[in-house]
Amino acid sequence: MDIKTFIEKNKDELYRVHRELCLIPAPSHYEDERAAYCKAWLEGIGAEGVYIDEAKNVVFPYHCESSRNLTVISAHTDTVFPMDTPLNFTDDGKILRCPGVGDDTGCLAVMLFAVKYLLENRIEPKDGLLVVCNSCEEGLGNLKGIRQICRDYEGRIKQHISVDWGFTGVCNRAVGSTRYEVSVHTEGGHSFGDFGHKNAIAEAAKMIAKIYELKVPVKEGCKTTYNVGTVSGGTTVNTIAQNASFLCEYRSDDVSCMDVMKEAFLRIFGEAKTDGVDVDVKIVGERPCGKDVDENEIARLSQIYRNVVNDVLGLMPVDASGSTDCNIPLSLGIPSVCIGGMTAGGEHTVEEWADKASFLDGIQIVTRTVIELIK
């Protein structure tokens with residue numbers, strides 16, 4: 001069956017599966033119900049040997065028995081939204097709306113139907129295809145799912161694509177990041193009677209101010225950033241705060257710039273520790289940059305995807321940097337790119353939306369890209 005006939009035959013089921021996935025809450029580390037859904041659905045279309053690993057990844061090894069040149073295709077099951085977020089799904093015929101409707105639930109659904117096409121048409125990979133609905137891509141999930149895959153299949157992965165992007169770009173350079181939870185503890189006291197005691201909030205604020213005085217390293221073709229994302233502490237307005245904490249990070253698509261930022265952040269944290277001020281620093285997220293990757297292979301993967309998108313949509317995706325599941329294989333020297341499966345906007349907000357028709361283009365683009373990679 002040709003791909004366009006397949007899409008027309010399966011589009012109603014695609015939209016049903018996508019909607020059902022959207023209505024299953026799946027914060028990072030709590031993807032159990034979505035994982036069970038994906039496993040059951042894959043088994044229902046004839047996938048054999050599907051299993052859920054200890055990281056809550058759904059894994060379908062398709063002719064992977066002895067191959068040491070596996071192609072991995074993945075899409076993440078987790079979203080950024082807390083478990084109690086209202087999941088109000090709407091469909092006006094053109095635009096779908098729901099928290100997580102695009103990132104990455106839309107691409108996950110598209111990937112599943114690309115796999116269905118392969119199975120129904122008995123398209124077998126030359127060296128084995130590992131299909132992964134992976135956990136913990138978002139935020140403090142810290143790429144736990146794809147880390148597990150790279151450990152379990154160490155030495156066997158030839159190339160990897162993640163479906164977690166739009167059609168206008170191909171993410172082929174990893175933005176690394178390090179995230180810290182910084183906790184400050186002081187004696188505190190009564191705001192009047194103990195006036196002059198050190199205040200944990202004030203001490204945290206000093207550190208934050210120093211972070212925002214930093215000059216990021218400048219290197220041609222690279223970008224480096226920092227951010228303080230949350231701040232909390234204190235008890236009441238008339239209490240000198242004993243405790244305060246904040247979450248902060250730095251990011252870069254260059255290893256040497258990451259090293260510069262690490263030194264600067266640790267210096268700020270270290271200088272804050274004085275008499276009466278205790279500072280506890282914990283790394284809560286670490287995403288590596290790419291390292292020792294064959295750039296010709298990255299270019300090859302990128303061009304395969306670009307050619308397919310150009311043929312289907314008449315546009316040529318541009319190279320881009322990003323923080324995705326690709327960070328882990330790229331840090332291990334495995335060629336990896338993140339490609340698009342549909343068009344969406346408002347990611348990470350409750351106003352998130354997705355272009356309904358783009359899912360059909362996505363099935364064609366992802367399926368054809370995978371076939372090129374495994375033939």
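Over how many bridges do strand S9 and strand S13 pair, and in which sense? In this predicted model, strand S9 (residues 176-185) and S13 are joined over 10 bridges in the antiparallel sense. Within this pairing, Glu181 has Leu247 of S13 as its bridge partner. Strand S13 (residues 243-252) also pairs with strand S11 (residues 224-233), again antiparallel, through nine bridges. Here Gly233 stands opposite Ala244 of S13. Seven of the 10 residues of S13 are buried, so the strand is largely enclosed by the rest of the structure.

A further sheet is open and consists of four strands in the order S4-S5-S18-S17, with antiparallel pairing. Strand S4 (90-91) and strand S17 (344-345) form its edges; each has a single partner strand, so one side of each lacks a neighbour in the sheet. The pairing of S4 with strand S5 (residues 95-97) is antiparallel and rests on two bridges. In S5, Arg97 is the bridge partner of Thr90. In general, strands of a sheet pair through backbone hydrogen bonds, in either a parallel or an antiparallel manner.

The largest nonpolar core comprises 69 residues, of which Leu42, Phe60 and Ile73 touch the most other members. Helix H3 (residues 105-120) gives the most to this core, contributing 12 residues. When residues up to four places away in sequence are not counted, Leu42 touches Ala47, Val50, Val58, Phe60, Leu112 and Val115. Another core, of 26 residues, lies apart from this one and includes Ala241, Ile268, Val277 and Cys289.

Helix H1 (residues 3-22) contains a kink of about 55 degrees, centred on Asn10. Asn10 itself is among the buried residues of H1, together with Ile3, Phe6, Ile7, Leu14, Tyr15, Val17, His18, Leu21 and Cys22. The elements covering the buried residues of H1 include H2, S5, H3 and helix H9 (358-374). At the start of H1, a side-chain oxygen of Asp2 comes to within 3.1 Å of the backbone nitrogen of Lys4.

Side chains of opposite charge can pair when their charged atoms come close. The whole structure was found to hold 19 salt bridges. One of them joins the side chains of Asp32 and Lys56, with an N to O distance of 3.1 Å. This pair links distant parts of the chain, 24 residues apart: Asp32 belongs to helix H2 (residues 32-44), whereas Lys56 lies in the loop between strand S1 (51-52) and strand S2 (58-62). Both partners are partly exposed, Asp32 with a relative accessibility of 42% and Lys56 with a relative accessible area of 25%.

A salt bridge with an N to O distance of 2.7 Å is formed by the side chains of Asp319 and Arg306. It too connects distant parts of the chain, with Asp319 in strand S15 (residues 318-322) and Arg306 in helix H7 (residues 295-313), 13 residues apart. Asp319 is partly exposed, at 49% relative accessibility, whereas Arg306 counts as buried, at 12%. Elsewhere, salt bridges with shared partners join Glu13, Arg16, Glu20, Lys116 and Glu120 into one network.

Terms used
Residues numbered from 1 in each chain as written. Predicted model: local features only at pLDDT ≥ 70, side-chain atom pairs only at ≥ 80, totals over all residues. Heavy atoms only, no water. Salt bridge = Lys/Arg side-chain N within 4 Å of Asp/Glu carboxyl O. Buried < 20%, exposed > 50% of the residue type's maximum accessible area, 1.4 Å probe, protein only. Pairing = 2+ DSSP bridges. Core = buried A, V, L, I, M, F, W, Y, C linked by side-chain atoms within 4.5 Å. Contact = heavy atoms within 4.5 Å. Bend = angle between axes of the 7 residues up to and from the residue. Polar contact = N/O pair within 3.5 Å; in protein donor to acceptor, adjacent residues only side chain to side chain.
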